[in-house]
Amino acid sequence: MEISIFGLGYVGCVSLGCLAKNGHNVIGVDVNQFKVDLINQGLPTIVEKDIDSIILEEFKRGKITATVFAEEAVLNSEVSILCVGTPSSPQGHLNLSYIYKTAEQIGEALAKKDSFHVVIIRSTVMPGTNKKIGEIIENSSCKKRGVAFSVVSNPEFLREGSAVKDYYNPAVTVIGGDHELALKKVASIYEELDAPIEITEIEVAEIIKYVNNSFHALKITFANEVGNICKALEIDSHQVMQIFCKDTHLNISPAYFKPGFAYGGSCLPKDLKGMVTLAHDHYLLSPVLNAIHDSNENQKRLAFEIIQRTGKKKIALMGLSFKEGTDDLRYSPSVDLAEKMIGKGYSLSIYDKNVHLSKLVGANKQFIDEHLPHLSDLITNDPVEAIDSADIILINHKNFEGKKFKSELSKKSAVIDLVRIEELEDLANYHGLCW
């Protein structure tokens with residue numbers, strides 16, 4: 001495939017060499033004549049393991065060239081990859097002027113080209129940039145997106161120091177677009193890599209790198225705070241985290257990574273509070289650990305705000321325990337939400353197939369007596385009775401058989417879903433908590 005790469009910095013240089021090594025003919029483009037000259041001498045523009053030998057070898061094979069002229073590159077390629085820098089402002093906003101200027105140049109070149117062209121965004125950009133770049137190319141080329149060209153989002157996940165290795169060994173290749181043939185063409189570029197190709201919506205592809213790197217930053221900070229606490233207690237923090245990482249069922253796994261309602265139960269709140277207290281008792285700051293509880297409380301607040309916005313006061317709460325499959329009501333976020341709604345004058349009906357008042361004992365009974373002393377007046381064993389008595393249906397458990405009651409739910413003012421039951425999402429009155 002004939003490919004042009006705009007931007008010969010870190011990502012651009014690595015992509016240039018690796019794509020050529022995979023058999024493509026690649027033209028590098030940069031406004032910096034010095035970088036262009038380096039490539040045209042078989043030299044890399046960066047210092048990175050293995051890239052120098054790759055660039056030299058592919059240059060000798062005639063697989064790579066470079067130019068400062070955008071038009072030359074576009075007219076001699078079928079795919080253009082944008083690796084242009086998108087530096088961040090002190091406020092966290094991106095400077096997209098360089099990538100927008102590049103899009104304009106590509107559009108001007110496309111005005112002189114008859115064949116279909118695919119533009120791939122590898123640069124890190126905010127959601128909405130793909131759409132904007134498409135508009136810029138349309139304006140400067142006087143051609144229509146989807147007819148003469150397509151814009152595909154394909155974020156990179158390269159780390160400095162291991163970029164070549166990362167290129168050839170990705171965990172996943174993410175491609176977001178709105179044109180089937182363009183998506184197939186971009187996917188074919190990576191078919192030699194031993195990694196799954198995930199084709200998704202454009203906005204998902206645009207935001208995923210921010211999500212990845214934010215989590216990586218969180219992991220580092222979390223480990224550091226654990227380390228600080230362990231040091232104060234004269235515990236080997238590296239041994240602690242080594243054991244922590246051996247749990248691939250919960251700790252290092254997909255577990256818990258589903259946006260939804262707040263956590264609760266007898267373990268997470270208690271043990272988090274204990275860890276924060278350890279830090280406090282040793283005069284240590286633990287801002288990440290401290291923020292976890294606040295963020296959890298915020299999720300409860302967001303759920304209540306959705307309820308408030310309906311303007312209705314009759315609520316059916318489907319699921320009261322802190323998670324489905326248990327009758328444990330201790331520190332259940334649903335109990336907190338129910339308590340708040342009652343305090344604000346809402347009329348509440350509760351259904352939870354696992355909660356039976358006659359079976360509540362010990363700490364579980366004591367907790368509910370303190371927080372919802374009139375639970376016996378609110379709870380029912382009949383889901384239809386709860387639904388019929390309410391204007392708003394609030395779903396807190398996945399095991400609620402929403403599909404079974406879909407007709408009844410469609411007649412309500414709102415169905416507010418805190419756990420995401422997908423078969424209900426096509427209801428006109430459906431509201432997801434954070435989706």
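In helix α8 (residues 180-189), the buried residues include Ala 182, Leu 183, Val 186, Ala 187 and Ile 189. Looking down the axis of α8, you'd find its buried residues within an arc of 145°, so they line one face of the helix. Buried here means under 20% relative accessible area, exposed over 50%, and partly exposed in between (1.4 Å probe, protein chains only). The arc is taken from the directions from the helix axis to the C-beta atoms. Helices (H or I, at least four residues) and strands (E, at least two) are DSSP runs, numbered from the N terminus.

Over on the other side of α8, Glu 180, Leu 181 and Lys 184 are exposed. As background, an α-helix has 3.6 residues a turn, so residues three or four places apart point the same way.

## What the model is

This is a predicted model: local features need pLDDT of at least 70, side-chain atom pairs count only at pLDDT 80 or more, and totals for chains, interfaces and linings use all residues. Numbering runs from 1 along each chain as its sequence is written, and side-chain values use heavy atoms, with hydrogens and water left out.

## Aromatic rings

There are 6 aromatic pairs in the structure. Rings of Phe, Tyr and Trp (its six-membered ring) pair if their centres lie within 6.5 Å; planes under 30 degrees apart count as stacked, over 60 as edge-to-face and the rest as tilted. Tyr 331 and Phe 367 make a tilted pair, because their ring centres are 5.2 Å apart and their planes sit at 50°. Tyr 331 is in the loop between β9 (314-318) and α13 (333-343) while Phe 367 is in helix α14 (residues 362-371), so the pair ties together parts 36 residues apart in sequence. Tyr 331 is partly exposed, at 48% relative accessible area, whereas Phe 367 is buried at 7%.

Phe 400 and Phe 405 form a stacked pair, 5.7 Å centre to centre with 15° between the planes. Phe 400 is buried, at 7% relative accessibility, and Phe 405 is buried with a relative accessible area of 7%.

## A charge over a ring

The charged end of Lys 313 sits over the ring of Tyr 346, 4.1 Å from its centre. To count, NZ of Lys or CZ of Arg has to be within 6 Å of the ring centre and within 35 degrees of the ring normal.
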